Amino acid sequence: MSARRSLLVVSLALLSASAAAGEPQQVAARLLDHLQAGRIADAEAMLTPQMAAAVPADKLQGLWQSLGELKQRGPAHSSEQQGLHLVDVPLQFASGAVIAQVAVNAQDKVAGLLLRPAPAAKAPPPPSDANYSEADFSVPQARGALPGTLSLPKGKGPFPAVVLVHGSGPQDRDETIGGNRPFLDIARGLAAHGIAVLRYDKRTHARPQDFQSGSFNVDDETTDDAVAALSALAADPRIDGKRIFVLGHSQGGMLAPRIASRWPQARGAILWAAPARTLLELLPEQNRYLLSLDGSISAPEQAFLDKLAAQIAAARSDTPAAASELPLGVPQTFWKSIEAVNARGDAVALKKPLLMLHGGRDFQVPETDWALWKTALAERTDVKWKVYPALNHIGIAGSGSSSLKEYAQPGHVDGQLIDDVARWVESQR
């Protein structure tokens, strides 16, 4: 599962009533005032009981202090989602820019807090001496087109090509995470090797209105758009239609064999940081790992894990459940559809060459999943395996235990990984 751009994620108790107009921003401002002044007890008093249990005062204080001195607070922006008012406030800390999202319920209580790195500035254009160019490329689809970018090598084509498929959650075409743009790095790196790359905004990012019904599945969210992107790219005369590959990252990697099977012209698939197990199996492991980084799990943290376990059970149940009873507030239809995906079985059944990529410091898709992939594909001679001991989930090198904070630090996808992908694509004639 791809990392959401956050330093702290708290499950929100989604409520049906609406807060009065204008109040949510005032509530958010008071909360931030208390945190900035060190009045942690006052801040804690503003939280719902569920929020206070998940994030006790010492955790809240430690989180805020870890960001350093607050330099500037920007204008707030409000929206509404499933009965909660979400107030986004830009914050400039000594350690970097952060967006604080405060969820306010109908009783003017804080039901959730999300601190995530601020979106990176617009990516600069390719260097003037680059051996490739970039241009807008729309992915047509019956539900509405998605905007994208085609990185195209200069010179005489047609060129081999790769379509990039995102990880979980709303993602832009660069798969921006804090100051990092993994898909931008991949696209430009491969284009410099003479390989065209299409990246596009994920539907949940570009067209969230398409999901207002509250009922959708993994094909609505990912698979169908990836197939449409492959078809659109194959129709471009500058592209070698017989050498188009799917490169899926995280959830996209898990779905890459499914996508390639639904677009039979695909030459092969690249699975980068791909879960071998279901997301509902990984979610408690990921959260327990993060909560254990300080050496122990407190009683409130264990209560949070227990609640998550109950949400996962509800997601798997045949009994209808409200969003507040489900992991991440995602509909039951989605969880059931993605639970039904058999990634290893799909890969075994896909009689096309595969490239498997794994970072040794990936806490989101750990060594357990890599071992499961190795076992499942042990009989295949057309699978290439690449392990990068120093890389995290988004392909950036580091040391020590990986964490969400690491994603906030700007970096670039390791050049060796990009080179390995390019060589593999070129070898598939």
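## A tour of the aromatic rings

Start by selecting Tyr407: at 2% relative accessibility, Tyr407 counts as buried (under 20% relative accessible area; exposed is over 50%, partly exposed in between, with a 1.4 Å probe and protein chains only). You're looking at a predicted model, where local features need pLDDT of at least 70, side-chain atom pairs count only at pLDDT 80 or more, and totals for chains, interfaces and linings use all residues. Residues are numbered from 1 along each chain as its sequence is written, and side-chain values use heavy atoms, leaving out hydrogens and water.

A search of the whole structure turns up eight aromatic pairs. Rings of Phe, Tyr and Trp (its six-membered ring) pair if their centres lie within 6.5 Å; planes under 30 degrees apart are stacked, over 60 edge-to-face, and the rest tilted.

Now select Phe245 and Trp424. They form an edge-to-face pair, 5.5 Å centre to centre with 65° between the planes. Phe245 sits in strand β10 (residues 239-249) and Trp424 in helix α15 (residues 415-427), so the pair ties together parts 179 residues apart in sequence. (Helices, H or I of at least four residues, and strands, E of at least two, are DSSP runs numbered from the N terminus.) Phe245 and Trp424 are both buried.

Last stop: Lys374, which lies over the face of Trp385, 4.6 Å from the ring centre (NZ of Lys or CZ of Arg must be within 6 Å of the ring centre and within 35 degrees of the ring normal).
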